[in-house]
Amino acid sequence: MSSTAFRHASIGIAAAVLVFGFSTTVHAQQYVKGERPQQRGYSLAVITEGGKTVWLGGQIATVDDTGKSLAGDFEGQVRQIFKLIDTTLQKAGGRLSNMVQMTVFITDVRYGDRLTEIRREIFGDNFPGSALITVTALADPNAKIEIQGYAVIGSK
């Protein structure tokens, strides 16, 4: 790339930052709520400004912290997954409450209500946006749930 082309590309990036107001120091989350989503433990949307986006790979949990098997224990798997996600987000400078979107895969539609109860317990009244998808199986045959998503971390 020539120095002129590089300079123009740099100016374009700087202009985009000014026009779109990208910031890495200010972060706020606003939750767009609705009656049905609140009952099911998710938000219609989460609006963020600024912050650092962390894309989380799919997470399963078939053993707990002590190595005890969680095969067949849906609730144990859910709680362990959220614990693992929180640990990952702490390494990035955040916490579980910074999650703004999650995609949840479950192997039995009947797990949906229990997932909702646990999510309400963990997130209180401010839920990430979410999709819940029932699948026939996950990569590990002992896994009953997998969660992936993203978080926006920054000072509030």
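**Aromatic pairs and a helix**

Reply: W55 is exposed, since its relative accessible area is 65%, and this, like everything that follows, is read from a predicted model. There are three aromatic pairs by the rule used here. In one of them, the ring centres of W55 and Y150 lie 4.6 Å apart with the planes at 45°, so this pair counts as tilted. Y150 is partly exposed, with a relative accessible area of 28%.

Another aromatic pair is formed by F74 and Y111, which are stacked, with 4.2 Å from centre to centre and 10° between the planes. Because F74 belongs to helix α3 and Y111 to the loop between β4 and α4, this pair ties together parts that are 37 residues apart in sequence. F74 counts as buried, at 6% relative accessibility.

R114 is partly exposed, with a relative accessible area of 27%, whereas the buried residues of α4 are G112, L115, T116, I118, R119 and F123. Those buried residues pack against several elements, including α3 (74-91) and β6 (145-153). The end C-alpha atoms of α4 are 16 Å apart, which agrees with the 16 Å that its twelve residues should span at 1.5 Å a residue. After α4 comes G124, whose phi is positive, near 70°.

How values were computed
Residues are numbered from 1 along each chain as its sequence is written. This is a predicted model: local features need pLDDT of at least 70, side-chain atom pairs count only at pLDDT 80 or more; totals for chains, interfaces and linings use all residues. Side-chain values use heavy atoms; hydrogens and water are left out. Buried means under 20% relative accessible area, exposed over 50%, partly exposed in between (1.4 Å probe, protein chains only). Helices (H or I, at least four residues) and strands (E, at least two) are DSSP runs, numbered from the N terminus. The expected span of a helix is 1.5 Å times one less than its number of residues. Contact means heavy atoms within 4.5 Å. Rings of Phe, Tyr and Trp (its six-membered ring) pair if their centres lie within 6.5 Å; planes under 30 degrees apart count as stacked, over 60 as edge-to-face and the rest as tilted.
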